[in-house]
Amino acid sequence: MKHDLQKPPADSFERIEIDASHAERITKPSLSFWQDAWLRIRKNKAAIVSMFILALIIIMAFVGPMISPHDAETQTITHANLPPKVPGIEKLGIMDGVGTLAGKEVDLYEMKKVDTYYWFGTDGLGRDMFSRLWEGTQISLLIAFIAALIDMVIGVAYGGISGYYGGRVDDVLQRIVEILYGIPTLVIVILMLSFMKPGITAIIIAITITGWIGMSRIVRGQVLKFKNQEFVLASRTLGATNGRIITKHILPNILGIIIINTMFTIPTAIFFEAFLSFIGLGLQPPDASLGTLINDGYKLIQFQPHILLFPAIIISLLMIAFNLLGDGLRDALDPKMKD
Amino acid sequence: MAKYITRRVFYMFITFFLIATATFFLMKALPGSPISSASKLSPTQLAVVEAKYGLDQPIPVQYAKYMLNLAQGDLGNSFQFKNASVTDLIIDRLGPSMLLGTQGLVLGVAIGILLGMIAALRQNTIWDYGSTFVAIIGISIPSFVFATFLQYWLAVEWKIFPVGLWKDGWVSSVLPSIALAMGPLATASRFIRTEMIEVLSSDYITLAKSKGATGFEVAFKHAFRNALIPLVTVLGPLAAGLLTGSLVIEQIFAIPGIGEQFVKSIMSNDFSIIMGTTLFFSAFLIVVIFLVDVLYGIIDPRIRLSGGKD
C-alpha cells in the first residue's frame, strides 16, 4: 500500500481538544524533601555500600562479643599470643593458627595444646582478640556518637541564638568564638586530658570543648540567610512567635546542613579518640577502644601482626564509610546540587 | 586592610594571652608535680627544691612571674634535661620537625594538586574514580595506622628504609614524610578537583575555548591558576593537621622532634616543657591562620576582608 505524501488520508489524524484541566494535572507524585534526598542518595553506590558496612560494623560491635566463645576479659596465660584460627577457612592456608616462632613456621595451637579456636587470635595476656575488637569498636562508636551529638546541640543552639537575635548578642557571641577559634584544638584537647582523670567522659569533654565551634559558625550563617527571607517575614507579619518561626520555618531549612556536618564530626571524633589513646592520653587499661588496641598492636607488630591488623582494618573501614556516607548525604541534601 | 590587620593582630594577642593563662592554671591544677615522685627527699630538701623553682610562692605571684618571663621570650627551665631552658630545648628540636613538616606538606600538596587536576580534567572516568579513591583513603586512614604499616613493610620486612631514629641522614626522613603527606595530599586533591570543575564550567573558559585555545592551554593557563587560589585557605587547617600528625609520627619513627618531646613531657609531668610547647604550637597555628587570611585577601581581590571567615 502506498501513501500519497502530498495527500494523507484524513483518518490518519486525530483532533485533540485542549482540556484546561490537563494543564493543572500533576504528572509526577509530589516528593517531600526527604523522599527526594533518598532518591538521590540511592543512586550513589559508594554511599549505599558505606551504609551497609556501617550497619554491619555497628551490629557486630554489639553481637560480636556475644557470639564469640571466649570472654574479652578472661586472661588465659597459657593461650597467650596465638595467631588467628577460624574453622573452615583454616583449610585454605590462611587463619590456620600457624605463626612464626624463632624464624620457623609452626602451628602454635598444636604446640601449646590449645583445642579451641580464637578467630582473631589472642593478645599477650591470652585474651580473645575477637571479643576485645568488637568491645573496643563499641566504645569508640559510643564516644564518637555522644561527642557528635553534644557538638551538634551546643553548636546549633549557639549559632542559632547568635544568628537569630543578631545585634549586640551576636556581637558578643561572635567575639567569643573568634577568640576560641584561634585556639588549636589539639593543644586544648591534650591540656584538658592531662588535667582530667582519663576515661570515656574525659575524652568526650576534650573532643567537644572546641568541636562545636565549626557547627555554630555554619548554623549562624544559615540562620542569617533564612531569617530575612520573604516566607519568614510573611510568617512574622501574620503574628508568628519567635519559637514558631525557629521550629517551623528556619530549622527545617537548615536541618540538611546540620545533618551533613554531624556526619563529618563522627569520623573526626573517632580519629581523635584513637589518636589520644595511641599517644597514651586516652582510655586506660582494662578499657579497650580501637585506639588502645592499635597502640597495643603497634608495640607487637614484628611478632604478632594480627593484633594490629584487625583494629586497623575496622577503624579504616569506619572512617572511609562515614566519609563516603557524608559525601553522599552532602550531594543529596545540599539544595545547591539540585538539578 | 590596615584596619583589618590591626584588628586581627589584636585578637591574636588576646587568644594567645588566654591560652597562656589557661595553660598555666591547668598545669597548676594538675595532680602531682614533677618533684612529688622524688619521695626520697626529706621535707626540708623538698622545701629547698621548691624554693629553687619558685614553687613555694603563692600562685598569683608565680603567674605574674611566668607572664613577665613569657613576654621576654623566656619559657622557663625544664625539670628534666638538667635544667636546660625550654626555649633552647624547643629550638634544638625544631630542625627535624620542620624538615618533616615541610617535606610532608610539599610532597602531599604537589601530588594532591596533580591528582585533583587529573580527576577534574578526566571527570567521571577511571582516572577520576582512582584519584578520588586515593583522596578518601588519605582522609580516612589515621596517619598513625598508615605510618605503622609503612614502617612494617618498607623498613622491617623489605629493609628499604631505616626503621626509625634520625641517624641515617636524609633517608630516615623519607617514611615519616610520606606518612605526613597523606593528609595534605587528600585535602589538596579533593579541593583542586572541586575548584577545577567549577572553574572549567565558567564563562571565561568557554570564551578561551571558543577563541581556539588548546586543551592544555585552557587547563593550565586559565583554569589551573584560578583553581589554585582557594587552596591557600586550607593551608591553615593543613598546618594544624601536620602538627597533630607530627606528635604520633615522631613517636612511631623515634624522631627527636618537638612532638616526640611533648608527648614524653606529658608522661613525665614536666610542666615547663608542656607549657612551652603548647604555647609554641598555639603561636605557630595562630600566626599561620592569620597569614593565610591576609595572603588570601592579597592574591584574590574579590574577597572582602571586612567580615569574618564565613
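Trainee: Is Ala254(B) buried, exposed or partly exposed?

Mentor: This is a predicted model, where local features need pLDDT of at least 70, side-chain atom pairs count only at pLDDT 80 or more, and totals for chains, interfaces and linings use all residues. Residues are numbered from 1 along each chain as its sequence is written, while chains are lettered from A and ligands numbered from 1 in the order in which they are written. A residue is buried if 20 or more other C-beta atoms lie within 10 Å of its own, exposed if 12 or fewer, and partly exposed in between, with C-beta atoms placed from the backbone. Ala254(B) has 15 other C-beta atoms within 10 Å, so it is partly exposed.

Trainee: Where does Ala254(B) sit, and what is its phi?

Mentor: Look in the loop between α10 (235-252) and α11 (258-267) of chain B. Helices here are DSSP runs of H or I of at least four residues, strands are runs of E of at least two, and both are numbered from the N terminus. Ala254(B) is not a glycine, yet its phi is positive, at about 50°.

Trainee: What about Ala119(B): how many C-beta neighbours does it have inside 10 Å?

Mentor: Ala119(B) belongs to helix α4 (residues 86-121) of chain B. Leaving out residues up to four places away in sequence, Ala119(B) touches Trp127(B), Asp128(B), Ser131(B), Thr132(B), Ser189(B) and Arg193(B); touching, or contact, means C-beta atoms placed from the backbone lie within 7 Å. Ala119(B) counts as buried because its C-beta neighbours inside 10 Å number 26.

Trainee: How far apart in space are Ala119(B) and Ser131(B), C-alpha to C-alpha?

Mentor: Along the sequence, Ala119(B) and Ser131(B) are 12 residues apart. In space, C-alpha to C-alpha, the separation of Ala119(B) and Ser131(B) is 6.2 Å.

Trainee: At what angle do α7(B) and α9(B) cross?

Mentor: Axes are lines fitted to C-alpha atoms, for helices over the stretch in contact, and angles run from 0 to 180 degrees between N-to-C directions. The axes of helix α7 (residues 174-200) of chain B and helix α9 (residues 215-228) of chain B come within 9 Å and cross at roughly 130°.

Trainee: What does that make α7(B) relative to α9(B)?

Mentor: Angles under 35 degrees count as roughly parallel, over 145 as roughly antiparallel, 65 to 115 as roughly perpendicular and the rest as oblique. Ile192(B), Glu195(B), Met196(B), Val199(B) and Leu200(B) in α7(B) meet Ala223(B), Asn226(B) and Ala227(B) in α9(B). The angle makes α7(B), relative to α9(B), oblique.

Trainee: Over in chain A, are α5(A) and α12(A) parallel or antiparallel?

Mentor: Helix α5 (residues 129-165) of chain A and helix α12 (residues 305-333) of chain A have axes that come within 11 Å and cross at roughly 30°. On the α5(A) side the contact uses Met129(A), Leu133(A), Gly136(A) and Thr137(A), and on the α12(A) side Ile307(A), Phe310(A), Pro311(A) and Ile314(A). The two helices α5(A) and α12(A) are therefore roughly parallel.

Trainee: Which element gives the most to the side of chain A that touches chain B?

Mentor: The contact takes 33 residues from chain A and 37 residues from chain B. Elements giving two or more residues to the chain A side include α6 (167-181), α7 (185-195) and α8 (200-227). With 8 residues, the one that gives the most is α12(A).

Trainee: How far apart are the end C-alpha atoms of residues 273-299 of chain B?

Mentor: UniProt, in an unreviewed entry, lists residues 273-299 of chain B among those under "transmembrane region"; such annotations may be inferred rather than shown by experiment, with feature names shortened and positions given in the numbering used here. In the model, residues 273-299 of chain B are 100% helix and 0% strand, and the end C-alpha atoms are apart by 38 Å.

Definitions and conventions
Contact = placed C-beta atoms within 7 Å.
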